[in-house]
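Here are some notes to read alongside the model. Keep the 3D view open and find each residue as it comes up.

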Amino acid sequence: MLFYIRCALFLLIALAAPLRAEETTLESAPSQSWSKYVESELKKIESKRYRHPALVNVPSLEALYKVLPRDKLEVEIGTESPRHQEIWQGLRKLSKEPLNRYLTSFAIYHRQDSAKTKDDPMAFVTETSPHMFGMAIDLGYAKSEAQLLIALLHEYGHVLFPVPFEMLQLIAACESDDVPFTKPFVVNFFKKYWADCYGPAMEMNEFTHATPHARINIGEDLAETWTSFILCGRPREEDRRIIADKRRMMWHDADLVSRRALIYRRLGTRYIVEMRSPAWYYCL
Ligand SMILES: [Zn+2]
């Protein structure tokens with residue numbers, strides 16, 4: 001599904017790496033248990049952790065676009081298609097600002113199903129210049145429109161919550177001093193959940209992270225918490241789990257709440273509620 005490695009793509013893109021829902025009931029959750037789900041996800045994560053999406057066969061690239069003012073796309077490599085435009089317009093619905101404020105390039109590739117590529121990411125972003133990103137989507141993995149949209153939500157989460165490399169280094173070194181400058185929300189999230197490497201960040205279960213993928217690093221935690229914040233309802237105040245706390249942190253941020261409302265208006269509440277079913281694990 002959504003995967004960890006942010007990476008460099010092809011030419012210009014440089015290398016880098018739900019609360020108890022109001023409406024959701026767990027009746028829609030499959031019989032698969034959280035622990036089994038975690039186990040299978042972690043296996044996948046381990047197997048792809050050091051893989052580099054740039055190893056993707058270039059022939060699988062359908063098109064690499066440059067993002068122009070007013071969110072126009074200009075094809076640089078490959079062939080443009082109405083389907084790409086459709087996906088791009090879907091991504092635009094997730095953003096309050098024009099996407100060209102965040103994105104310099106947008107790539108669509110389509111790897112054919114094969115055992116070799118199974119663990120590669122479905123989508124990723126990579127920083128192309130300070131605070132600017134390239135985004136790539138692999139259509140070979142999107143089995144449904146809902147899955148594709150969840151992938152877009154996750155990747156958009158990466159651009160909305162930029163995590164400086166220095167922050168990852170601090171976490172790796174179990175240090176919390178000299179927090180590098182980035183968005184205040186990211187800094188607060190870091191201080192609360194990731195500054196103490198022996199703290200909650202190192203645990204991982206349905207009480208701490210939205211998904212197993214969120215455990216990989218603070219960037220993935222933010223992207224997955226954001227995805228669950230959009231997909232799912234507001235956590236009850238009496239829900240004392242860390243994951244509920246993380247989502248409440250987003251609910252306490254007026255800007256994020258308005259972004260969520262905008263996405264609901266644009267996509268339609270009914271559509272988002274339907275998306276929860278295949279994404280049941282986000283809303284536990
Ligand atoms: Zn990610």
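1. Leaving aside residues up to four places away in sequence, which residues does L139 touch? Turn to the loop between β5 (132-138) and α3, where L139 is found. From there L139 touches I108 and H110, with those sequence neighbours not counted. Is L139 buried or exposed, or something in between? It's partly exposed, because 17 other C-beta atoms lie within 10 Å, and a residue needs 20 or more to be called buried. One more thing to look up here is S60: it is 79 residues from L139 in sequence, yet the two C-alpha atoms are 9.9 Å apart in space.

2. Now zoom out. Keep in mind that this is a predicted model. The protein chain has 9 helices and 5 strands. Read along the sequence, their order is α-β-β-α-β-β-β-α-α-α-α-α-α-α. Of the 284 residues in the protein chain, 39% are buried.

3. What's in the middle? The largest nonpolar core holds 62 residues, and those with the most contacts inside it are F106, A151, L152, L222 and W226. Helix α3 (residues 145-160) gives this core its largest share, 8 residues. As background, nonpolar side chains in soluble globular proteins tend to be buried together.

4. Which of its residues are buried? They are H84, I87, W88 and L91. Looking down the axis of α2, you'll see these buried residues within an arc of 100 degrees, so they line one face of the helix. Here's the general idea behind that: an α-helix has 3.6 residues a turn, so residues three or four places apart point the same way. On the face turned away from the buried side of α2, you'll find the exposed residues P82, Q85, E86 and Q89. And what covers the buried residues of α2? The cover includes β1, β2, β3, β5 and α3.

5. At what angle do α5 and α6 pack? The angle is about 110 degrees, and their axes are 11 Å apart. That makes α5 roughly perpendicular to α6, because angles of 65 to 115 degrees go by that name. On the α5 side of the contact are V186, F189, F190, Y193 and W194, and they meet I218, D221 and L222 in α6. Sorted by type, the residues of this contact are 7 nonpolar, no polar and 1 charged.

6. Most residues other than glycine have a negative phi. R70, though, isn't a glycine and has a positive phi, near 60 degrees. D71 isn't a glycine either, and its phi is also positive, at about 60 degrees. Find R70 in the loop between β1 (61-67) and β2 (73-78); D71 sits in the loop between β1 and β2 too. How do they stand for burial? R70 is exposed, because it has 7 other C-beta atoms within 10 Å. D71 has 18 C-beta neighbours inside 10 Å, so it counts as partly exposed.

7. S95 is in the loop between α2 (82-92) and β3 (103-109). Why does S95 count as buried? Because it has 20 C-beta neighbours inside 10 Å, and 20 or more is what the label takes. For the second pair, go to helix α9 (residues 269-276), where you'll find E274. E274 counts as exposed because it has 12 C-beta neighbours inside 10 Å.

Methods. Residues are numbered from 1 along each chain as its sequence is written. This is a predicted model: local features need pLDDT of at least 70, side-chain atom pairs count only at pLDDT 80 or more; totals for chains, interfaces and linings use all residues. A nonpolar core is a set of buried Ala, Val, Leu, Ile, Met, Phe, Trp, Tyr and Cys residues joined through C-beta atoms within 7 Å. Helices (H or I, at least four residues) and strands (E, at least two) are DSSP runs, numbered from the N terminus. Two residues are in contact if their C-beta atoms, placed from the backbone, lie within 7 Å. Axes are lines fitted to C-alpha atoms, for helices over the stretch in contact, and angles run from 0 to 180 degrees between N-to-C directions. Angles under 35 degrees count as roughly parallel, over 145 as roughly antiparallel, 65 to 115 as roughly perpendicular and the rest as oblique. Ala, Val, Leu, Ile, Met, Phe, Trp, Tyr, Cys and Pro count as nonpolar, Asp, Glu, Lys and Arg as charged, and the others, Gly among them, as polar. The arc is that of the directions from the helix axis to the C-beta atoms.
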